[in-house]
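Student: I have a protein model open and would like to learn how to read it. Where do we begin?

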Amino acid sequence: MKGIKGTSKTYGEKCAMCKEELTEVNAVHRHLPRLGLLSYCRPCLNKREQGRKESHPGEHREASKRNRDRLKAVVLNAYGGRCECCGETTPEFLALDHRNGGGSKHRQMLRSPTELRRLVIKQGFPMEYRLLCHNCNGAIAWFGRCSHQDS
């Protein structure tokens, strides 16, 4: 099935740039609701994107920042927008915390805080995470409790 205006390719067709055959290994799938493959193979698409990043570095940086900020806002709103311990509401001070520990090990498996936010959104905001300000999060990590919590 073809995508919008017949621009999608299928396996066996040629890449628009290098003329290599598109296979399951090198093909790039279109995002839903479109169907089919992009016109370029993965190596050609990577070259093309790299060139765009280099020629417009500020534009790429700004788009990335907007995306990160949007994801953070979605997560903050879903978890109430305030520190569960002290009630801090300044977005720059808030972070996702793993309720049952293990955050350090989990963070090493992910590439960035943005990846964690994407994962949490994809999972539907599970209750194994919570919002804490960096002070409360650090206190719990270092001392096992925060000074805001009762003894």
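Tutor: With strand pairing. Two strands pair if DSSP finds at least two bridges between them. Keep in mind that this model is predicted.

Student: In which sense do β1 and β2 pair, and over how many bridges?

Tutor: Strand β1, residues 94–98, pairs with β2 in the antiparallel sense, over 5 bridges.

Student: Which residue in β2 is the bridge partner of L96?

Tutor: The partner is L131.

Student: Which way do side chains point in a strand?

Tutor: In a regular strand they alternate between the two faces of the sheet. Now look at β2. Y129, L131 and C133 point one way, while R130 and L132 point the other way.

Student: How many residues of β2 are buried?

Tutor: Buried means under 20% relative accessible area. In β2, residues 129–133, that holds for 5 of 5.

Student: Next, the nonpolar core. Which members of the largest one touch the most others?

Tutor: A core is a set of buried nonpolar residues joined through side-chain atoms within 4.5 Å. The largest here has 15 residues, and Y79 and L96 touch the most other members. Elements giving two or more residues to this core are α2, β1, α4, β2 and α5. The largest share, 4 residues, comes from β2.

Student: What does Y79 touch?

Tutor: Leaving out residues up to four places away in sequence, Y79 touches L96, V120, F125, P126, Y129, R130 and L131. Another core, of 6 residues, lies apart from the largest one; C15, A27, L37 and C44 are among its members.

Student: How do I read a helix such as α5? Which residues there are buried?

Tutor: Look for its faces. C136, N137 and A139 are buried in α5. Seen down the helix axis, the buried residues of α5 fall within an arc of 165 degrees, so they line one face. They pack against β1 and β2. The face turned away from that side carries the exposed residues N135, A141 and W142.

Student: What follows α5?

Tutor: G144 does, with a positive phi near 85 degrees.

Student: Last, the cysteines. How many disulfides are there?

Tutor: The cut-off is a pair of cysteine sulfur atoms within 2.5 Å. By that rule the count is 0.

Student: Is C136 buried or exposed?

Tutor: C136 counts as buried because its relative accessibility is 0%. C85 is partly exposed, at 23%.

Definitions and conventions
Residues numbered from 1 in each chain as written. Predicted model: local features only at pLDDT ≥ 70, side-chain atom pairs only at ≥ 80, totals over all residues. Heavy atoms only, no water. Buried < 20%, exposed > 50% of the residue type's maximum accessible area, 1.4 Å probe, protein only. Contact = heavy atoms within 4.5 Å. Arc of directions from axis to C-beta.
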